[in-house]
Amino acid sequence: MSKPVSSEQSLNYKWDVCLSNMVVQSTVGIGIGIISSAIMFRRAAWPVWGGLGFGLGKAYADCNAKLKTFPAVHQELQTVTNEEKK
Amino acid sequence: MHQQLKTVRKHLPLVKQNANRSFWVHSVQNTLETPNVKPEPKKPSSPIPPTNGKEHVRPDGNAKGSKKLRNSFRLLVFLGLTGYAGGVWYSFEDPKFYDAFAKYAPFGDRLLPAIEHSWVGYKFFGGNKIVIHDKPKMMQPNASEGVSSDIVGQAKRKELAIPSELKHSESSDRESNDKPTTKPNTEPNTSAEVKENAKTVAVSDLGLDQETGLSVTAAPVINQTLQRAHEEEIKDQTRKVEASLNEANQLRVQLSHLQDEQKDVYEKRLNSKMEEWNSKIGELLAERDQQWRELFEQEKQLQQNIHDSRLHEELVRATAVYEAKLKNELTEQAIEMERMHLQAVKAQVEQERGSRLGKLGELRSSFEELQKLARGVIFDNGRMTKFIDVQKALEKVEKDVNLRNSQSLEKDLQDLKDATQEDQLSGLAFNVIDSTLQSGPVLSKKELQMKFDVLSKEIYKTCFLTVDSGFLGHMKSLLLSQLPANLFKSPEIQSVQNVLSEARSNLMADDYDGVVKNLLTLSQWSRALSKDWIESCRRKLELQQAINIIKGSALYASQMQEEGKE
């Protein structure tokens, strides 16, 4: 269950999303690099670094786009619990 | 001993035969001969030492290719050399080819003369086509015998040409000089006299020329032939020649005189012409100089005028710019002075307003105290019960809202509804309270203050952002916001800080309306971040206003009730 993000925490929330994206995408890039290195490039190191670079680059681009979105501070989908309703 | 040697020699071929037998035969023989003796273990042969170096693997294709190339190169060189040698040989056969070869063949002009003058040229190619002898023929010991048939023929021809009288005179001279023992022979002998004549007539070789190396032949003796020729004719001829020579000399002298005269005439004419042309050239040059000076003066005047006009334009422009600049400065000063005046006026107005507002605030607070006292008195007297009921219900509701006691809140709201059901305005205010409570939690003052502290920090972090700030802009803003605020003097950051401090002071004074107004002056990220806080503040304001409306309405209704009773 995800809590709604208050407006004063929206920027911090965006930063959290950026960092998590960075970690995830760099991991995916490294994974793809490892697989391609093992299959096609005879266990060379450069595909791993290339995958990492691609992942970090994509994460940077996504973060840049997210941080540039202004002015609407949209709230994430919230799941209202029975306790909050009460 | 001898027998032993014989046996050894006898068995030598057998030894050789044995040595040629195979390994297996030897091993079988050894085992049969010595069964109990183990054969010595075969020592491993020494390993083949590794050869350090490249393996010469010659692909056949490359070897063949290189051989072909080498052979073709050799053939080319050989053909070239033979062709060149053939050209050299043929150049000595054909003079035209000699010239062509010397001109066009490489090193031909140097090679051909070198060969020609060397022993090879003289031996094989004939050199300069001139016969060279070591000693002249006349100096040779057997000259008379060795005289060639050509020379003999020449002597015969010359002998026939000489008149007989001269011959006889010569012969008589010779007889008088010598001691004659023999009679003079009038008839020339074919062999002896011819030979003698040939001696005198023969072309005499003087030897090799030291410079050129060619053999030099002496010219035939002219005096002797002239003596034999007709003297009178010769004398006539000489006289004629002398006369012609004299005439030629005279003519030469005349020609030289004429030449001198003509030379003088031409020189005079040349000098006169030179003077004439020099004077003309001088006049032309003077005229041209005059024209050039005039043109120069005109051009100079023109350029001067252009320069003056440009200078004037530049001066005008510069003065206009300077005047505009001065004007701008004056207007800036005027604006500044007006602004200062306005600021002073504003400050004065604010001061007065503050004092008046302070007075108004005092009045309000004293009025509220008075109201409380009056209510207390009325309550004690048992009057305005309706208002008191409503007020009690409102206080309970407020308490439940502050404490977030949802269970009693419903009951208290119901009580409030019952108390305000008669009044329409109170009913509307109650609906507002109900909807506000349903839209979200209403924060207390402390909670609002705490949230505002968090909000102000977040707003300050976004002070350094622009409209299109991305990742790097946000990073920069985060880093700069960690530094003390006093370092930054830019008006934007200062304005944000002023707004936040003003809002805080309003919040401390419970002026939620003022806080909301201050926060609404912010823009961009600051405005977006303060959205939720403004919403919660508005909710609190709405609730408070609804409660005030209900209170006021209930008070009015009670007062009206009291007046009706009276």
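Q: What order do the elements of chain A run in from the N terminus on?
A: They run α-α-α. Helices here are DSSP runs of H or I with at least four residues, strands are E runs of at least two, and both are numbered from the N terminus. Chain A accordingly has 3 helices and 0 strands. A word on the background: this is a predicted model, where local features need pLDDT of at least 70 and side-chain atom pairs count only at pLDDT 80 or more, while totals for chains, interfaces and linings use all residues. Residues are numbered from 1 along each chain as its sequence is written, chains are lettered from A and ligands numbered from 1 in the order in which they are written, and side-chain values use heavy atoms, with hydrogens and water left out.

Q: Why is Arg42(A) called exposed?
A: Exposed means over 50% relative accessible area, buried means under 20%, and partly exposed lies in between (1.4 Å probe, protein chains only). Arg42(A) has a relative accessible area of 79%, so it counts as exposed. The residue sits in the loop between helix 1 (10-39) and helix 2 (46-68) of chain A. Its phi is positive, about 55°, although Arg42(A) is not a glycine.

Q: Why does Phe107(B) count as exposed?
A: With a relative accessible area of 59%, Phe107(B) is over the 50% cut-off, so the word exposed applies. You will find Phe107(B) in the loop between helix 4 (95-104) and helix 5 (108-117) of chain B. Phe107(B) is not a glycine either, yet its phi is positive at about 60°.

Q: Why is Asp264(B) called partly exposed?
A: Its relative accessibility is 42%, which falls between the 20% and 50% limits, so Asp264(B) counts as partly exposed. Asp264(B) has its place in helix 12 (residues 231-381) of chain B.

Q: What makes Asp260(B), Glu261(B), Asp264(B) and Glu267(B) a patch of negative charge?
A: These four residues gather on the surface. Asp and Glu count as negative, Lys and Arg as positive, and His and the chain ends are not counted. Patch members need over 30% relative accessible area and no salt bridge, with like charges joined within 9 Å.

Q: How much of each chain counts as buried?
A: In chain A, buried residues make up 28% of the 86 residues. In chain B, 20% of the 566 residues count as buried.

Methods: Patches are made of residues with over 30% relative accessible area and no salt bridge: like charges are joined within 9 Å, nonpolar side chains (Val, Leu, Ile, Met, Phe, Trp, Tyr) within 5 Å. Accessible areas come from the Shrake-Rupley method with a 1.4 Å probe; for residues, only the protein chains shown count as cover. A salt bridge is a side-chain nitrogen of Lys or Arg within 4 Å of a carboxyl oxygen of Asp or Glu. The place of a charge is taken as NZ of Lys, CZ of Arg, CG of Asp or CD of Glu.
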